[in-house]
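Good morning, everyone. Please take a look at the structure on the screen, and I will walk you through it.

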Amino acid sequence: MTTSAREKAHIAGSPATAQGPALGEALPHVMPTLRACLQPSRDPQMRLKLFSTLSTVLLRATDTIDSQGQFPSYLETVTKDILAPNLQWHAGRTAAAIRTAAVSCLWALTSSEVLSAKQIQDVQETLMPQVLTTLEEDSQMTRLISCRIINTFLKTSGSMTDPEKLIKIYPELLKRLDDVSNDVRMAAASTLVTWLQCVKGADGKSYYQSSVQYLYRELLVHLDDPERAIQDAILEVLKEGSELFPDLLVRETEAVIHKHRSATYCEQLLQHVQAVPATQ
C-alpha cells in the first residue's frame, strides 16, 4: 500500500470522520493527521475531501471539533500549517479548486463562534495577505467568500489594524466593484463600509487623507452605475466615509455631478454631508 493510500485509509477509519462530540475528544490524533494529509504535496482529491469535511465540522464546531473546548489550542496549526500553504497560488484548475476549498474552510473557521476576537486577529495577521490574493480568483464563490472573510477580519480588529496594513486593503476591494458578479460587488461595498469604520476609529486620520480622497473619487464613478442596487450600496459607503473629510467629499462630488446621468444620488450625498457633523 502506498503512503497516500495508507493515509486515506487512516483518515477513513479515524475519528476525523466521526460525528458529534467524539471528534473533539480525538483532536490530539486528528490534528496531526490532518496536517500531514493537507500538505500541498499530498493527493489533491484527498485534500479536497478533507477540506470539505473540515468545513462541515467547523460549521457545528461546538458540537463536533470543539466539543471539549480544545480546538483553539490547535489554531496555529490550522492557520499556518494547513490553510496558509493551500491558499498559495499554483497554476491549474485543481490548484484553484483547492484554494476555493481552503477559503471556504477559513470562512467556516471565522464564522464558527469558537474563536475569541484576539484569536480571529491572529488568524488575520497570518492569512490576510493570502485572502487579498484570493480576491482575484477566477471562481466567483472564492471572490465572494474572500470579501466576507475580510469584512469579518476588519469588524473584529477594528481600528487596531496596523495603519500600513489597513491602507493596503481598500485598493483590492475597489477592484471588486468592477466584478462581473453583482453579489461580489455588493460584498465589496459592504466591506468598504467596514474599512471606513476602521479608519474613523483610528488615530491620526490625516495619514489616510490621500487614500480616502482616492476612494471618494472611485466611489463617485460607481455612484453612476447602471444597477440601482449598486448605486444604493455605493451611496451607503460614501455616507459612511463622509464624516472623515466632508469638505473634500463635497468638492469631489461637485466636480463630477454634471457628468452623472442623473444628479439624484449626488444630491442625496451632498444633503447627507451637510446634515452630519465631521468626525473630530
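Start with Arg176. At 10% relative accessibility, Arg176 counts as buried. Buried means under 20% relative accessible area, exposed over 50%, and partly exposed in between, with a 1.4 Å probe and protein chains only.

A word on the source. This is a predicted model, where local features need pLDDT of at least 70, side-chain atom pairs count only at pLDDT 80 or more, and totals for chains, interfaces and linings use all residues. Residues are numbered from 1 along each chain as its sequence is written, and side-chain values use heavy atoms, leaving out hydrogens and water.

Which residue does Arg176 form a salt bridge with? The partner is Glu136, with the closest N and O atoms 3.7 Å apart. A salt bridge here is a side-chain nitrogen of Lys or Arg within 4 Å of a carboxyl oxygen of Asp or Glu. Arg176 sits in helix 10 and Glu136 in the loop between helix 7 and helix 8 (140–157), so the pair ties together parts that are 40 residues apart in sequence. Helices are DSSP runs of H or I, at least four residues, and strands are runs of E, at least two, numbered from the N terminus. Glu136 is partly exposed, at 42% relative accessibility. Both residues belong to a salt-bridge network that also links Arg143, Glu172, Lys175 and Asp179.

Next, Asp225 and Arg185. Their salt bridge has its closest N and O atoms 2.4 Å apart. Asp225 lies in the loop between helix 12 (209–222) and helix 13 (228–241), and Arg185 in helix 11, so this pair also ties together parts that are 40 residues apart in sequence. Asp225 and Arg185 are both buried. By this rule, the count comes to 16 salt bridges.

Now the aromatics. The whole structure holds two aromatic pairs. Rings of Phe, Tyr and Trp (its six-membered ring) pair if their centres lie within 6.5 Å; planes under 30 degrees apart are stacked, over 60 edge-to-face, the rest tilted. Tyr170 and Trp195 form a tilted pair, 5.0 Å centre to centre, with 45 degrees between the planes. Tyr170 is in helix 10 (residues 170–176) and Trp195 in helix 11 (residues 182–201), so the pair ties together parts that are 25 residues apart in sequence. The rings of Tyr207 and Tyr208 have centres 5.2 Å apart and planes at 90 degrees, so that pair is edge-to-face.

Finally, the whole protein. It has 15 helices and zero strands. Buried residues make up 51% of its 280 residues.
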